[in-house]
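Here is a short walk through one structure. Begin by looking over the sequence and the fold together.

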Amino acid sequence: MRELGRMFRTYCHKQHSLWPQYVPYIEWTLNNIRHESTHHTPSALFLQNNQHNPITQFIQFPHENYPVDFNKQLILAQEVQLSKSEYRKKYHQERLNPTFFKINDLVLVRTHKLSNKIDKKISKFFLLYDGPFKVKNFKKVNAYELVNPDDDTPHGTYNVNQLKPYIPPVI
């Protein structure tokens, strides 16, 4: 579900009513991309079917002439999931220690937008963060006063849990 939210946000954050046209594409993509948690595609694991991959028309892949044992594949996928579980546990522990910012650092602010039936806006399709904003001042150890980086107009005071560092895009 998290991946669905990411994909719909990517395609529909400007015009939320377009989401139905992306469903077939997103479904095909999720079923035919190797997932990090299993190292296999869901089509290969559950349907025992490797569907046509459009990349094969551009790249010549070696043929697999050995028989595939799906029971072994499922066992290996389960082992990969257990190791990923340990990684997620370690990552979660690291996230408990928040990042602290300095004055003039650029940050993104987590947004909490609501759905609106009249405007046909869906909360899951909004971007998760807004910004960048500049840190102007510390209110407390975990609260930062933010301003617009262009004209220093106040934006508000936010808890460190609602902020993340801004990384400018590389062009």
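How many of the residues of strand β3 (residues 143-147) are buried? The model is predicted, and in it five of the five residues of β3 are buried, which leaves this strand mostly covered.

The side chains of β3 can be sorted by direction. Ala143, Glu145 and Val147 point one way, while Tyr144 and Leu146 point the other way. In a regular strand, side chains alternate between the two faces of the sheet. Both sets in β3 are buried, that is, each residue has under 20% relative accessible area.

Next come the neighbours of β3. Strand β2 (residues 129-140) is joined to β3 by five bridges, and the two run antiparallel. They form a hairpin, with two residues between the strands.

Leu146 can be followed into both pairings. Val135 stands opposite Leu146 of β3, and in β4 the bridge partner of Leu146 is Gly156.

Is Phe46 buried or exposed? Phe46 is exposed, because its relative accessible area is 64%, and the cut-off for exposed is over 50%. Together with Leu47 and Leu74, Phe46 makes a nonpolar surface patch of about 340 Å².

Notes: Residues numbered from 1 in each chain as written. Predicted model: local features only at pLDDT ≥ 70, side-chain atom pairs only at ≥ 80, totals over all residues. Heavy atoms only, no water. Buried < 20%, exposed > 50% of the residue type's maximum accessible area, 1.4 Å probe, protein only. Helix = DSSP H or I, 4+ residues; strand = E, 2+ residues; numbered from the N terminus. Pairing = 2+ DSSP bridges. Patch = residues over 30% accessible without salt bridge, like charges linked within 9 Å, V, L, I, M, F, W, Y side chains within 5 Å. Areas by Shrake-Rupley, 256 points an atom, 1.4 Å probe, with all protein chains shown as cover. Salt bridge = Lys/Arg side-chain N within 4 Å of Asp/Glu carboxyl O.
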